[in-house]
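The sequence and structure are shown first.

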Amino acid sequence: MGRSPHTHDHLGEAVPLTAARTREDRPARIPEVDALRGFALMGILLVNAQMMANPYGLGAITDPGASALDGTVEGVVLTFAVGKFYLMFSFLFGYSFTLQLASAERAGASAVPRQLRRSLGLLVLGVLHAVLLYTGDILTTYAVLGLILIAARNCTPGAALRAARILYGCLSVFLVLLGLGTLFMSDAETAEADAELAEGLPELIAGYRGDASSVVQANIGQLPDQLLATLLMSGFVMTAFLVGLHCGKRRLLADTGHHRAQMRRIFLLGAAVGLPGSLFMAMTTTGPLGPRWSTFGLMVGTVTAPALTAAYICGMLLLMKTTRGARIAAVFAPAGRMALTNYLSQSLITALVFTGYGLALYDRLSPAVVTLGALVLYAGQLALSRRLTARYRYAPVEWLLRAVTLARLPHDRDQSAASR
């Protein structure tokens, strides 16, 4: 791999900065998008680390040994991270899709074969990720739903936004009604259901603390339940894809200075709607409300999460227009340039810590310690990403995915869309 400063493509696929400056047919980069992706990586890690560390899954099943500190930490993660950052990634995926189409057009190549190969590459990576490392994989969902983006590539920006609104509205009504239905259950009935789930925990814990084969078997055993969660999540992923497609077709992130007033309104409205919903979800999961409220709280939190995600995106974009915010963006951006490599390496490192692949600390560390460890890991990724992106054009997994997408080895003459 060559050593030169660079700009980059979707999920951190970089091209030499010198080449970008000498080619007039390449658009100006959008560094804020890198910073958003890097910021999203932090939130993803905070959630995934908790899910990989113990079987209680941020309150999915009540942990009888949890301390007040553990409950507080889980409540903070539930409020500010759960359900928000995968939507930010999804929005950026949809936005970057439009830049990928433009890249293919400039190269004189057909966009559809490229995108189909890209989806296949993501699918293979996602299946391996789910079976070997972490069942809560998002790449398989992106690979499958990305086919819908390919089919909708020629839609107008307005049509994409209308489809997103209709999809979000239908999903929200369904989930709220589903959650309301669970309120007719008594606390005793809910506790009994949780007790039945808890019966399988000793076997699960033993599996993740065993050898490599038992870890894989434990992951495979979790896949059916994870599939149900993925189906619930997929509608909101598709909604975020469509909003990103709308914004990408209108090039809204290429010049955010003209949209500051609108972004302020979205930030305030998103926080006003999303934060109470997330707080309610945390209270029903780890707080004082009874167990029969947990499903309804989860549904409310899921429905209002896109609002808080929108607030995060607009708030970060507004912040990055300030001097201090620009410095913050410069810290996050290198991690965002190699987001796919960082995402998979997060799972690899946490698997080495918590499963029989390495230290086998599954269900042996408190949520507070896990969160602290996740922040330390992310700080290390920030530092390493800065060094790698200053030295190499491509991070390892980005290079591999780009080779699959182009059906050949990447080289300096590749036309790639600017910053994603």
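How many aromatic pairs does the structure hold? The structure, which is a predicted model, holds 13 aromatic pairs.

## Aromatic pairs

One of these pairs is formed by tyrosine 142 and phenylalanine 241, whose ring centres are 5.4 Å apart. The planes of the two rings stand at 55°, so the pair is classed as tilted. The pair links distant parts of the chain, with tyrosine 142 in helix H6 (residues 139-151) and phenylalanine 241 in helix H10 (residues 212-249), 99 residues apart. Tyrosine 142 counts as buried because its relative accessibility is 5%. Phenylalanine 241 is likewise buried, at 0% relative accessibility.

Tyrosine 168 and phenylalanine 236 form another aromatic pair, with an edge-to-face arrangement: 6.1 Å separates the centres and the planes lie at 75°. Here too distant parts of the chain are linked, since tyrosine 168 belongs to helix H7 (residues 157-182) and phenylalanine 236 to H10, 68 residues apart. Is tyrosine 168 buried or partly exposed? With a relative accessibility of 28%, tyrosine 168 counts as partly exposed, whereas phenylalanine 236, at 2%, counts as buried. Elsewhere, one aromatic cluster is made up of Phe39, Phe85, Tyr312, Phe332 and Tyr378.

## Packing of H7 against H10

The helices that carry tyrosine 168 and phenylalanine 236 also pack against each other: the axes of H7 and H10 are 8 Å apart, at an angle of about 160°. Why are H7 and H10 classed as roughly antiparallel? Angles over 145 degrees count as roughly antiparallel, and the angle of about 160° therefore places H7 and H10 in that class. The crossing of H7 past H10 is left-handed.

On the H7 side, the contact residues include Pro157, Gly158, Ala160, Leu161 and Tyr168. H10 contributes, among others, Leu232, Gly235, Phe236, Met238 and Lys249. Tyr168 and Phe236, the partners of the edge-to-face pair, are thus among the residues of this helix contact. By class, the contact of H7 with H10 comprises 15 nonpolar, five polar and one charged residue.

## Packing of H11 against H12

Helix H11 (residues 260-285) and helix H12 (residues 294-319) pack with their axes 6 Å apart, at an angle of about 150°. H11 is therefore roughly antiparallel to H12. H11 passes H12 in a left-handed crossing. The residues of the contact of H11 with H12 divide into 18 nonpolar, ten polar and two charged.

## Positive phi in two loops

Arginine 251 is not a glycine, yet has a positive phi of about 55°. This residue lies in the loop between H10 and H11. Its relative accessibility of 34% means that arginine 251 counts as partly exposed.

Alanine 360 also has a positive phi of about 55° without being a glycine. Alanine 360 is found in the loop between helix H14 (339-354) and helix H15 (367-391). With a relative accessible area of 11%, alanine 360 is buried.

## The chain as a whole

The secondary structure of the protein consists of 16 helices and two strands. Of its 420 residues, 52% count as buried. Among contacts between residues at least 6 apart in sequence, 81% join residues at least 24 apart.

How values were computed
Residues numbered from 1 in each chain as written. Predicted model: local features only at pLDDT ≥ 70, side-chain atom pairs only at ≥ 80, totals over all residues. Heavy atoms only, no water. Phe/Tyr/Trp six-rings, centres within 6.5 Å; stacked < 30°, edge-to-face > 60°. Helix = DSSP H or I, 4+ residues; strand = E, 2+ residues; numbered from the N terminus. Buried < 20%, exposed > 50% of the residue type's maximum accessible area, 1.4 Å probe, protein only. Axes fitted to C-alpha atoms, helices over the stretch in contact; angles between N-to-C directions. Parallel < 35°, antiparallel > 145°, perpendicular 65-115°, else oblique. Left-handed = near helix turned anticlockwise from the far one by under 90°. Contact = heavy atoms within 4.5 Å. Nonpolar A, V, L, I, M, F, W, Y, C, P; charged D, E, K, R; others polar.
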